[in-house]
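Please look through the model below with its sequence alongside.

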Amino acid sequence: RERARAVLGDLWQRQLLLISYEKSLIAEASRVLPALNCGWVLKNYDQKSLQEAKELRPEILICNVKKIDGPLWLGPWQWFVYDVVDVHQAKHWQAQGVQWLESWDVKYLMDNWRLHEL
């Protein structure tokens, strides 16, 4: 714990986001470095994963938009979705409360953002 803190001072911990599919890695990192922000990448969007998210309490939940088949889960986390491919899709997720999104075509989204309404 002390070695991890020495490598990642408190200031750096607050400026980093550790993301992983591995729930155990997120849990251990949160225990050892409580100031470190962690994001858990969901393999599945199901009740088991929801229960695990409630126990893990990451700062950010991350999911491929193709896996989400219902409303976003409420919790202490922010949402990050990825594989957003068009402006309508991006605006849909924004309206659902997603704070972060990833796209392989950011230039297209930025160039067309104001041209599209929900």
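The buried residues of helix α5 pack against β4 (78-82), β5 and α6 (106-112), where contact means heavy atoms within 4.5 Å, and where helices (H or I, at least four residues) and strands (E, at least two) are DSSP runs numbered from the N terminus. This is a predicted model, in which local features need pLDDT of at least 70 and side-chain atom pairs count only at pLDDT 80 or more, while totals for chains, interfaces and linings use all residues. Residues are numbered from 1 along each chain as its sequence is written, and side-chain values use heavy atoms, with hydrogens and water left out.

In α5, which spans residues 87-95, the buried residues are Val87, Ala90, Lys91 and Trp93; buried means under 20% relative accessible area, exposed over 50%, and partly exposed in between, with a 1.4 Å probe and protein chains only. They cover an arc of only 160° around the axis, which puts them on the same side of α5, the arc being that of the directions from the helix axis to the C-beta atoms. An α-helix has 3.6 residues a turn, so residues three or four places apart point the same way.

The strands form an open sheet of 5 with the order β1-β2-β3-β4-β5 and parallel pairing, two strands being paired if DSSP finds at least two bridges between them. Because β1 (17-20) and β5 (100-101) stand at the edges, each with a single partner strand, one side of each is left without a neighbour in the sheet. The partner of β1 in a parallel arrangement is β2 (residues 37-41), joined to β1 by 4 bridges.

Ser20 lies in β1, and its bridge partner in β2 is Trp40. At 11% relative accessibility, Ser20 counts as buried. Its side chain reaches the backbone nitrogen of Glu22 at 2.9 Å, and, leaving aside neighbours within four places in sequence, Ser20 is in contact with Leu25, Ile26, Gly39, Trp40 and Val41.

Gly75, by comparison, is found in the loop between β3 (60-64) and β4, and with a relative accessible area of 40% Gly75 is partly exposed. Gly75 and Leu61 are 14 residues apart in sequence, and their C-alpha atoms are 9.6 Å apart in space.

How values were computed: A polar contact is a pair of N or O atoms within 3.5 Å; within protein, one must be able to donate a hydrogen and the other to accept it, and residues adjacent in sequence count only if both atoms are side-chain atoms.
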